[in-house]
Amino acid sequence: SLAVVCLLFICLSAAAQPDILSTVPGDAYGFVATKSLQGSYDKIMAFAEAMGVPIPDENKLLAIQEMLGEVDLNGPAAAILLDPQKFPDRPIALLLSAADAKAVLESHKAGAGDTDVDLPPGVVELDTDNYLGVKGEFIVFAPGPEQVAAVLASQSSPETMPAVKAAFEKG
């Protein structure tokens, strides 16, 4: 719809690298992408808060880095708003940079052990509120296995939408 294209156009003002854009699901309700996670952390959290996602007082960026270990805070990242009807409680996922995203996933897969949750393919449980997967060069980090699976399964990206691509190319 036109509203989604306008939202995507506005969100692209952060001018992320094209690689991150090709990883964002085309059916996302919105997203914020950035060239540097560290430089844009406050903007991403403001977007999530504006979308109604509760924001804790603690610095989630530092908590995520401590949890995952290998997140590149100076690399590109994106916060994705997923379909709120499919994910009414927590319709958000993050794409995070890492020097070797697959190695991060494998290191957590090895430490995960047995889980009571039947996880979708490619999804690893960190704890009951944090799950990850890998899409392309990026770590997919979300509060539920279904959110990670939705990002992993998406074959389209907003980069293919003409208005979004034109906005990105203009910088």
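**Terms and their grounds**

Author: In this predicted model, Asp 129 has a relative accessible area of 43% and is classed as partly exposed.

Reader: Why is Asp 129 called partly exposed?

Author: Buried requires a value under 20% and exposed a value over 50%. Asp 129, at 43%, therefore counts as partly exposed.

Reader: What makes Asp 129 and Arg 90 a salt bridge?

Author: The closest N and O atoms of the pair are 3.5 Å apart. The definition asks for a side-chain nitrogen of Lys or Arg within 4 Å of a carboxyl oxygen of Asp or Glu, so the pair qualifies. A search of the whole structure finds 1 salt bridge.

Reader: Which parts does the pair tie together?

Author: Asp 129 lies in the loop between S4 and S5, and Arg 90 in the loop between S2 and S3, so the parts joined are 39 residues apart in sequence.

Reader: How do you know that S1 and S2 pair?

Author: Pairing needs at least two bridges. 5 bridges join S1 to strand S2 (residues 77-81), so the two strands pair, and they run antiparallel. In S2, Ala 79 is the bridge partner of Val 32.

Reader: What makes S1 and S4 edge strands?

Author: The open sheet has 6 strands in the order S1-S2-S3-S6-S5-S4, with antiparallel pairing. Strand S1 (30-34) and strand S4 (124-127) each pair on one side only.

Definitions and conventions. Residues numbered from 1 in each chain as written. Predicted model: local features only at pLDDT ≥ 70, side-chain atom pairs only at ≥ 80, totals over all residues. Heavy atoms only, no water. Helix = DSSP H or I, 4+ residues; strand = E, 2+ residues; numbered from the N terminus. Buried < 20%, exposed > 50% of the residue type's maximum accessible area, 1.4 Å probe, protein only.
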